[in-house]
Amino acid sequence: MDGSGDGGVPQGKLLMDFGAAVVGGDERALAACRDAVRRALGEEALADAAGVAAIFNAVVRIADATGIPLEDAKAAASHAVRAEIGIDALADGKE
């Protein structure tokens, strides 16, 4: 999965771009994606997409805050990415 497809969902690429913009921190990109979703899918779908993005973000933060351990399979699969971005140092309080 590289984020370049649509996941087999109508307007999937647009929705993935919106989700990335929600957590991306670029206000212009978020505004552009929000407008694109509104034009393509309507206000109700925009509200639904924003709700899904918000709850996903919240659930991940809650899991992180509670200290849920990373499963062995996920630790192995994410080792290179974690090393590249230095996130393990944050979890250990080294940064």
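Predicted model: local features only at pLDDT ≥ 70, side-chain atom pairs only at ≥ 80, totals over all residues.
Residues are numbered from 1 along each chain as its sequence is written, and side-chain values use heavy atoms, with hydrogens and water left out.

Let me begin with confidence, given as pLDDT, the predictor's confidence in each residue on a scale from 0 to 100. The chain has a mean pLDDT of 87, with 91% of its residues at 70 or more. Helices here are DSSP runs of H or I with at least four residues, numbered from the N terminus. Confidence in the chain is highest in helix H2 (residues 27–41), at a mean of 96, and lowest in helix H5 (residues 87–91), at 76.

Now to the packing, for which the axes are lines fitted to C-alpha atoms over the stretch in contact, and the angles run from 0 to 180 degrees between N-to-C directions. I will call angles under 35 degrees roughly parallel, over 145 roughly antiparallel, 65 to 115 roughly perpendicular and the rest oblique.

The axes of H1 and H2 cross at roughly 150° and come within 9 Å, and the two helices are therefore roughly antiparallel to each other. H1 passes H2 in a left-handed crossing, meaning that the near helix is turned anticlockwise from the far one by less than a right angle, whereas clockwise would be right-handed. On the H1 side, the contact (heavy atoms within 4.5 Å) includes Leu14, Phe18 and Val22, and on the H2 side it includes Leu30, Cys33 and Val37. By class, this contact has twelve nonpolar residues, no polar and two charged, where Ala, Val, Leu, Ile, Met, Phe, Trp, Tyr, Cys and Pro count as nonpolar, Asp, Glu, Lys and Arg as charged, and the others, Gly among them, as polar.

With H1 (residues 12–24) and H3 (residues 43–66), the axes come within 10 Å and cross at roughly 50°, which makes H1 oblique to H3. Here the crossing is right-handed, and the residues in contact include Leu15 and Phe18 of H1 together with Ala49, Ala53 and Asn57 of H3.

H2 and H3 have their axes 7 Å apart at an angle of about 135°, and are therefore oblique to each other. Their contact, formed by Arg34, Val37, Arg38 and Leu41 of H2 with Glu43, Ala45 and Leu46 of H3, has four nonpolar and three charged residues.

Finally, there are five salt bridges, each a side-chain nitrogen of Lys or Arg within 4 Å of a carboxyl oxygen of Asp or Glu. One of them joins Asp35 and Arg38 at 2.9 Å, N to O, and both residues lie in H2, three residues apart, about one turn of the helix.
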